[in-house]
Every structure is written in C-alpha cells, then in structure tokens.
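Work through the following exercises with the sequence and the model side by side, and try each task before you read its solution.

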Amino acid sequence: MAELVEKAHSIAFRVRLDEAVDLPPYIDETRFVALEPRAKAIYDAIDRESYAELMTGDVTTRNILTRLLRLSQCTGGFIRPDAEEKPLAVSAAKLEALEDILDECLEQNKKAVVFARFIPEIEAIEKLLKAKKTGYAIIHGAITDRAEQVDRFQTDPDCKVFVGQLQTTGMGLTLTAASVAVYYSLDYSYANYQQSRARIHRIGQDKKTLYINLAAKGTVDEKIMEALRQKGDTAKLLVDEWRKLRSPASGEPPDDTS
C-alpha cells in the first residue's frame, strides 16, 4: 500500500469535486425489506445448495460467482432455474418498497433515478410505472436512443423517473433533474457504484440529493453493501488520506493529523 501511494502521488494531483464546486449536500439511507416467507425459503434453499456444492466439489471463482449471482437475483425478485428458461418471479418486496418511495417523490414533485442490476428487475419496474401511468425514461443494454432518453428526463416535466441498468448508465450521463436515487440492486463494482452516484450529484445539481439503498435483510445484499464500504475506505485511504501510509524512506514521516 505504501509503495502504491508513493508511485501514484509522485505523478498525480487531486482536487475533490466538493473542493472545486459548491454542490448541495447529500444523504445516504438504507431501507431494509423483508422477503416474503416463500421467497426467503427459496433464498435459503439456494444458499444451502451452494454451500453443499462448494464443500463437496472444486471451489473455483466461476462457481462461487455463479452462486452469488443467483442469490442476488433472488433478492431482486427473480430466479432463473435454467439459463434457457424464463425468469420466475419469487418476490415483490423490493418492488413494493420502491413504489412507496416513488409515491413520496411524486407527491413532493421530485424526480427520481432508479438503478437496477438485472433486466427482469428493470422490466418489473417499467411495468409498475406503466401501471401507475408515470412518465419515465429508460436505458439498458438494448436501448439505442440513449441521448434522447436522458434529454427527455432532464427537460420534460412529465418524465418523473429514470430507470437505468447499473452497468450501462454508470458513466457519462447527466441526470441532475433528479434529487432522489434508488439502488434497487447493486453489484460488487465500486466504480459502478461511485460513477452512478455522480450522475446525480454533479455540476448543475442545485437540490439536496437523497441516495436510498434497498436491501433484503439477512441476505447477500448486506454483504455487497459491506464490500462496497470496505472498497470505499481503501480508496479514501489511498487517495485522500495517503499521508498516513507515506513511507519514512520518502523523507516525510507519516502524517497522523490528516
């Protein structure tokens, strides 16, 4: 770590966004949901099956990631028994929590962005918005008119919600019309998480921003959030608090005051 700090900071100069631009504050919130008994039973069965398989077979990165993927899909409300089969709906817990959040936003005339990891989740969210007759824009891997989708959300007062696939909309977009961002599901990529947050809290934002993480209690959702937190702590240490790791050989003692 100390060697990495020496190399990085010998050629880099960092200015934080909040040091260069006067942006409104933001708030982070986690809202836990409880899976329905049937969904929790399915989740526990997948968990037990995964554990048994890993204990009796070869432990590889591929099969571990596959099992984690299935657990994450389950907390989002869908499972795919076979790669060729249509996803099965097993839970509406997160969708109901999201509906409550969107209702609050609409009552307060706020726009919201919803990030989700899996296509079946995005399709369920889109179906909900259509049922509520709420104007929305959407981007995922199959959408080609991405600039038009962003422009409609930014400029059309009747377009209240932007739905984006986390891996697709994490970079390069400006979504400052929103003041609320909801993470329906997350992956383990700290870059995806940080870059998606920056779509809303960036230059041009003049409203206080609220980030809401939806998490199924007692599931892999909590593990993903903890992994992202640890990655964030490491990134902060390397980039913002690097003097704590400064090697004595550099001629500067570690700075305990930063």
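**Exercise 1.** Leaving aside its neighbours within four places in sequence, which residues is Phe162 in contact with?

*Solution.* Keep in mind that this is a predicted model. Once the neighbours within four places in sequence are set aside, the contacts of Phe162 are Ala112, Val113, Val114, Ala137, Ile139, Val150, Phe153, Thr169, Leu173 and Leu175. Next, turn to the largest nonpolar core, which has 54 residues, and where Phe162 is among the members that touch the most others, together with Leu98, Val113, Val114, Ile125, Phe153 and Leu214.

**Exercise 2.** Describe how the rings of Phe115 and Tyr183 are arranged, and where in the chain they come from.

*Solution.* A pair of aromatic rings is described by the distance of the centres and the angle of the planes. For Phe115 and Tyr183 these values are 5.3 Å centre to centre and 25 degrees between the planes, and the pair counts as stacked. Phe115 belongs to strand β4 (residues 112-116) and Tyr183 to strand β7 (residues 180-183), so that the pair links parts of the chain 68 residues apart.

**Exercise 3.** Find which rings Arg197 and Lys217 lie over.

*Solution.* Starting with Arg197, you find it over the face of Tyr211, 4.0 Å from the ring centre. The charged end of Lys217, in turn, sits over the ring of Phe32, at 4.5 Å from its centre.

Methods:
Residues numbered from 1 in each chain as written. Predicted model: local features only at pLDDT ≥ 70, side-chain atom pairs only at ≥ 80, totals over all residues. Heavy atoms only, no water. Core = buried A, V, L, I, M, F, W, Y, C linked by side-chain atoms within 4.5 Å. Buried < 20%, exposed > 50% of the residue type's maximum accessible area, 1.4 Å probe, protein only. Contact = heavy atoms within 4.5 Å. Phe/Tyr/Trp six-rings, centres within 6.5 Å; stacked < 30°, edge-to-face > 60°. Helix = DSSP H or I, 4+ residues; strand = E, 2+ residues; numbered from the N terminus. Lys NZ or Arg CZ within 6 Å of the ring centre and 35° of its normal.
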